[in-house]
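The sequence and the coordinates are shown first, and the description follows.

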Amino acid sequence: MLSAQEMMRTVEFQYAGRGVSVPRIGSRIEVMPVLALIGAGAEYSRAAGTYVVTYGEHTLQFTPGHRLVLVDGELHDTNDAPVPSPGGVAASTEFIDRALLAPLGFRLEPIPQGYRIAVGARFDDPVIVRPAAADFDATTTLVLTLDRAAEAIAEINEVGEITVVFADASPRLDPSSRLKSTRVRAVSSNGRALLITTAPNVGLLDWHSLDGPPRIILELGRVFPTPTPAPEYAPVTAGPSPIVIDPGHGGKDTGAVSDSGLTERDLTLAVARRLAGELRARGHQVRLTRDNGEGRALTDRTAIANRVEAEVFVSLHANASNFSSVKGSETYYMSLDDQATDEASAALAELENEAGGEADERSDLDLILWDLAQASVLNESAVLALEVQTRLNALSNIRDRGVKQAPFVVLTGATMPAILVEVGFLSNPAEAKRLATPEHQQALAGAIAQGIDAFLRAR
Amino acid sequence: MTRRVFLIIAAAAVVLAVLLWLFFGPGRPSVSRTVAPVDVLPTPTPAPEQRVMLLFAGPDGLLHPELRNVPLPVEVHERVRAIVAEVLIGPAGELQPVVPWEAELNAVFVDGEGAAFIDITPPPEPVNGSRIELLLAYGLVDSILLNCPSLTSVQILFGGHEVPTLTGHLDLSRPLRLNKAFISS
C-alpha cells in the first residue's frame, strides 16, 4: 500500500466537457474515476481478484499485480501492472491509455492540468522493429520482429525498392540489433515505412506475417529485371515436390537430453540424414529444414514445407518423461482445430446474417473450400501417421504408443500431410542407449521411410 | 454531623471514582473500544464438498484420474482456482504431479466464450520433452474442463505471459480444448 504523502496530488481528466480530479498514487493514477468519466462500467470480482470493465460491446478484464489484460477474449501483454489502491486500483497513464482506453476507442491527450480523453484510435504509435537475417544457398530470410502487433504489408515501391508499410504505426529500429547478410545491405525507417536495401539483383520473392511474437518474414532472392518469357508451346517441367524432413530443435535448444548426454537436437539430425538417404534411394526428392546443428523457428520449418509445396512434412523428435520406465515411439498429427473451425462457421453465419441471406457467394465458397481442404489434409495426415507408426511398431523392442492428435506448433499451418514422430524416450536409459547406435537410427529411418513411401504410393 | 456527612460523601465519591477507573481506566482493555474495520466482510459460506476428478502423471506416461472430495464453489473463477490448486498440490498416491516444479496459480480470467486463462508460476529452469509438456498441458486443461462444464477451453500462461510453447512442441499460444487421448483407458 502506498504512503499517505503520495496520495496528496491529483490529476485532472476531462471528457465531453466534464472534468474530474483523480488522485495520483505515486506514479500511478486511480483507475475507477477515469472509467466512470467515460461511462464505462467496472466491477471487481473479489473471488477472481479481477476487474471487469464493460463499455458498449467491449469487455476488458485485468488483475492488480498482473500485466495481462483480456480484451474481448484476446489477451494483451502490457508494459506495466496496475496495483491495489485506496480507490480500488491504480495504474500508470500508459496502462490507462493503451490497455484500458484504447481498446474502448479512446485515447489520452496531454493538457496543462492533466489529460483530455479523446474519442478515436491512436495512429502513428511507434512499433519497435528488430531485424534479423539468415542467408541460405539461394535465398535470404529476413525476419522483422515487432514489439507489438501492427498491420503492415511488404511491397515494391515506385522506384523498385522493397518497403514494409505499416497501416497505423511508425516503425522504429531497435538500436541494439545487428544485421549480417550478404543480400540485405540495410534496413532503415522512414515515416510509416521500412526500407530494405539489398544487394544488386536481389528482390522480394515472398512475404508473410506471423504471430507470437508478431513478425513479418520476407523471402529475398535473386530476381532478373526482364525475365525471358517461356514460349507458349514449352512443356511444363515442374519437378516433383520434395518430402520435407524437419529434425526437431537445434542451436542452443537441445531438446531432451539423456543421462549419457545424447541430445534430441543431435539425435533427430542423425535420424533425419539417414531418413533422407532412405527416401532418396526410393526415388523421392528430399529437403531438410536444417542440415547442421543450428536452430530454426518452429513456424519457419512449416513455412519451408509450404513454400516448396512439399508432398509430405515429417518432423522428427525424441521424447522425455518424468518416469524413466516410459519408452516407445509415437506418431502425432495435428488435432482438428475446433476453434478455427468454429471461427470459420461463425464468420460464415455472420456473412449470411449481415447480408440477410444474400452473403457474398465467393466468400462463402472460400470458407467452405478452406474447411474441406483442412479436413482433407487432416485425413491424409492421419493415414500417413498410421502408415509410419505401423512400421515403427514392427521394430523390435519398441512399444506401440499409438497415433495421437495434438496441436503441435510445428504442424500448425502445414498445407500438406504432416506428422510429428517421436522416435523414442531419451529419459529411458535402455532406450537412450539404443537410440545412440547407428544401427538403430538406420532401422528407425528405414521404418519411417517405408511408411512414407507406402503412403505416397497409395495416394 | 456535617463533617460525618461530608466524609461519607467523600468516601462514596472515592469509591465511585475507583470503580469508574477500574471499568474505564486506561489499564483495562475495553471490548467496547475496539473499532471494527470499515470493510469487514461477512464470513463466507463454505462451498459444498464435491467429488472431483483430477489428472496426474502415471508410470505409463499417461494421465491417470484421482478422485478427491474438495469444496467446489459454483462461481466459475473460484471453481477454476479450486481445481488448479488441487492439481498443483499434486497426487496423493503413486502418481506424479503434472507440473514438475513448485508452481502457484497467479490469476484466472474467463471470457464470454467459455475460455479460461490460468496464469501459473513459470518453470525455474528449461523443461524438455514433449511428453512432459503434453501431460502438463492436458493434466491442467482436462482437469479443469472435466470439472467446470461451463468452460470450453483453457489457455495456460506462465508468469503473466502468453507463451508459444513450453518445450518446443505443443502450441500453447491459444486455448486448448478437452483432449482425452492422453488419459489412460
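## Sheet and helices of chain B

Ala116(B) has Val154(B) as its bridge partner in strand 5 of chain B. This pair belongs to a predicted model, in which strand 4 and strand 5 of chain B run parallel and are joined by six bridges. The two strands are part of an open sheet of three strands in chain B, ordered 3-4-5, with mixed pairing. Strand 3 and strand 5 (153–158) of chain B each have a single partner strand and stand at the edges, so one side of each is left without a neighbour in the sheet. From one strand to the next, the twist averages 20°.

| Helix of chain B | Lies across (chain B) | Angle |
|---|---|---|
| Helix 2 | Strand 3 and strand 4 | about 145° to strand 3 |
| Helix 3 | Strand 4 and strand 5 | about 135° to strand 5 |

His77(B) is a residue of helix 2 of chain B. Is His77(B) buried or exposed? His77(B) is buried, because 21 other C-beta atoms lie within 10 Å, and the cut-off for a buried residue is 20 or more. Although His77(B) and Val108(B) are 31 residues apart in sequence, their C-alpha atoms are 6.4 Å apart in space.

Taken as a whole, chain B has three helices and five strands, which follow one another along the sequence in the pattern α-β-β-α-β-β-α-β. Of its 185 residues, 35% count as buried. When contacts in chain B between residues at least 6 apart in sequence are considered, 62% of them join residues at least 24 apart.

## Contact between the chains

The contact between the two chains takes 42 residues from chain A and 41 residues from chain B. On the side of chain B that touches chain A, at least two residues each are supplied by helix 2 (76–89), strand 3 (105–110), strand 4 (115–120) and helix 3 (130–147) of chain B. The residues on this side of chain B comprise 15 nonpolar, 15 polar and eleven charged.

## Local features of chain A

In chain A, strand 9 (residues 83–85) and strand 10 (residues 88–91) pair in the antiparallel sense over three bridges, and the two strands form a hairpin with two residues between them. Within this pairing, Ser85(A) stands opposite Gly88(A) of strand 10. Strand 10 of chain A also pairs with strand 3 (residues 28–30) of chain A, again in the antiparallel sense but over two bridges, and here Ile29(A) has Ala91(A) as its bridge partner.

Helix 4 (residues 298–307) of chain A has among its buried residues Leu298(A), Arg301(A) and Ile304(A). The buried residues of this helix pack against strand 22 (243–247) and strand 24 (312–319) of chain A. After helix 4 of chain A comes Glu309(A), which has a positive phi near 50°.

## Confidence in chain A

The average pLDDT of chain A is 82, and 83% of the residues score at least 70. Over residues 225–238 of chain A, however, the pLDDT is below 50, and this stretch has zero contacts in the model beyond near neighbours in sequence. Residues 337–359 of chain A also stay under 50 in pLDDT, but for these residues the model has 19 contacts beyond four places in sequence.

Conventions. Residues numbered from 1 in each chain as written. Chains lettered and ligands numbered in written order. Predicted model: local features only at pLDDT ≥ 70, side-chain atom pairs only at ≥ 80, totals over all residues. Contact = placed C-beta atoms within 7 Å. Helix = DSSP H or I, 4+ residues; strand = E, 2+ residues; numbered from the N terminus. Nonpolar A, V, L, I, M, F, W, Y, C, P; charged D, E, K, R; others polar. Pairing = 2+ DSSP bridges. Axes fitted to C-alpha atoms, helices over the stretch in contact; angles between N-to-C directions. Buried ≥ 20, exposed ≤ 12 C-beta atoms within 10 Å, placed from the backbone. pLDDT = per-residue confidence, 0-100.
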